[in-house]
Amino acid sequence: MAIRVKLDDLLHERRMTLTELAERVGLTLANLSILKTGKARAIRFSTLEAICRELQCQPGDLLGYD
Amino acid sequence: MPTATMSAPRRDPLLAAAKIVIVLLIAILIFAMAMVAIGIGAILTVGRAELLAEIAVAEAPVLAYWAILALMLLIESLLFLVLRFLFELRRIVLSVEEGDPFHPANADRLARMGWLALGAWLLTLPASMIGAWLTRLAIAAGEDLRFEAQVGEESLLLILTLFILARVFRHGAAMRDDLEGTV
């Protein structure tokens, strides 16, 4: 049971690359990669807000719990 | 335009001074340990007869010979513990200079320093008792010799501080891990 980051699915649906999203949200590609691969230990509200804004989604679309 | 001073790594005068002082103290301790070791060797071999003769002249018990030997062995052990303490401290100072002090290894180092300080404090107890006994013998024999070892409560405070700092660093290291994993 763990928190799953569904960034890959969202990017695929929106035909957006990770590099493009990194530029839009002002994060480094390395940090966004950490988030995408589920290796992040925490996510800032500011990061969550920026991703949701750029991907036009809700926090629940980005995170899942299995 | 970049200059040599801009590209050079920033030097912290406090850390630089700490490193110099620690290295100097290490050198002094190694020298002192060598001298005490030579002294122990001499007492056990070439100087044994002479020392026993002096003890006899002073009308002191033969036990004084073994007390002097025990005191020197205690001093040697004490110096060794202080040396280990300084090596640990030096590694911590180097990690601060590298900009990574909140590391689990530093928490371990501080805990080890706490144990070393505790060991040194415990060694000071018999050393001070033997020293006081030898001082009484020397005074009784009309010699102006004093063997003093300070057993202060401030040492206990230092030991406690080191163990508490070890916990602080362990907590800090965990917080740093969390921060590093925050996106």
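This is a predicted model: local features need pLDDT of at least 70, side-chain atom pairs count only at pLDDT 80 or more; totals for chains, interfaces and linings use all residues.

**Chain contacts and local details**

Trainee: Where do A:Arg41 and B:Asp178 lie?

Mentor: A:Arg41 is in the loop between H3 and H4 of chain A, while B:Asp178 belongs to helix H6 of chain B, so the pair joins two chains.

Trainee: And is A:Arg41 buried or exposed?

Mentor: A:Arg41 has a relative accessible area of 56%, and over 50% counts as exposed, so it goes in the exposed class. B:Asp178 has 38%, which makes it partly exposed.

Trainee: What about polar contacts, how many residue pairs are there across the interface of chain A and chain B?

Mentor: Six residue pairs are in polar contact there, counting those with both residues at pLDDT 80 or more. On the side of chain A that touches chain B, helix H3 (residues 29-36) of chain A gives the largest share, three residues. By class, that side of chain A has six nonpolar, two polar and two charged residues.

Trainee: How much area is buried between chain A and chain B?

Mentor: About 680 Å², with carbon and sulfur atoms giving 54% of that. In chain A, the residues that lose the most area to chain B are A:Arg41, A:Ala42 and A:Arg44, together 65% of what that side buries.

Trainee: And how many residues does the contact take from each chain?

Mentor: Chain A puts in 10 residues and chain B six residues.

Trainee: Changing topic. Which residues are buried in H4(A)?

Mentor: The buried ones are A:Thr47, A:Leu48, A:Ala50, A:Ile51, A:Cys52, A:Glu54 and A:Leu55. Their cover includes helix H1 (7-13), helix H2 (18-25), H3 and H5 of chain A.

Trainee: A:Glu54 is on that buried list. Which side chain does A:Glu54 meet in a salt bridge?

Mentor: That of A:Arg53, at 3.1 Å from N to O. A:Arg53 is partly exposed, with a relative accessible area of 46%. Both belong to a network of salt bridges that links A:Glu20, A:Arg24, A:Arg53 and A:Glu54.

Trainee: How far apart are B:Glu88 and B:Arg91 in helix H4 of chain B?

Mentor: They are three residues apart, so about one helical turn separates them. An α-helix has 3.6 residues a turn, so residues three or four places apart point the same way. As for accessibility, B:Glu88 counts as buried at 2%, and B:Arg91 is partly exposed with 39%.

Trainee: OK, backbone now. What is phi of A:Gln56?

Mentor: Near 55°, a positive value in a residue other than glycine. A:Gln56 follows H4(A) and is in the loop between helix H4 (45-55) and helix H5 (59-62) of chain A. With 67% relative accessibility, A:Gln56 counts as exposed. B:Glu59 is found in the loop between helix H3 (48-57) and helix H4 (63-97) of chain B, and is exposed at 74% relative accessibility.

Trainee: Where do B:Phe102 and B:Phe169 lie in the chain?

Mentor: B:Phe102 is in the loop between H4 and H5 of chain B and B:Phe169 in helix H6 (residues 153-180) of chain B, so the pair links distant parts of the chain, 67 residues apart. B:Phe102 is partly exposed at 35% relative accessibility, and B:Phe169 is buried at 15%.

Conventions: Residues are numbered from 1 along each chain as its sequence is written. Chains are lettered from A and ligands numbered from 1 in the order in which they are written. Side-chain values use heavy atoms; hydrogens and water are left out. Contact means heavy atoms within 4.5 Å. Buried area is the accessible area (1.4 Å probe) that two parts lose on being put together, summed over both. A polar contact is a pair of N or O atoms within 3.5 Å; within protein, one must be able to donate a hydrogen and the other to accept it, and residues adjacent in sequence count only if both atoms are side-chain atoms. Helices (H or I, at least four residues) and strands (E, at least two) are DSSP runs, numbered from the N terminus. Ala, Val, Leu, Ile, Met, Phe, Trp, Tyr, Cys and Pro count as nonpolar, Asp, Glu, Lys and Arg as charged, and the others, Gly among them, as polar. Buried means under 20% relative accessible area, exposed over 50%, partly exposed in between (1.4 Å probe, protein chains only). A salt bridge is a side-chain nitrogen of Lys or Arg within 4 Å of a carboxyl oxygen of Asp or Glu.
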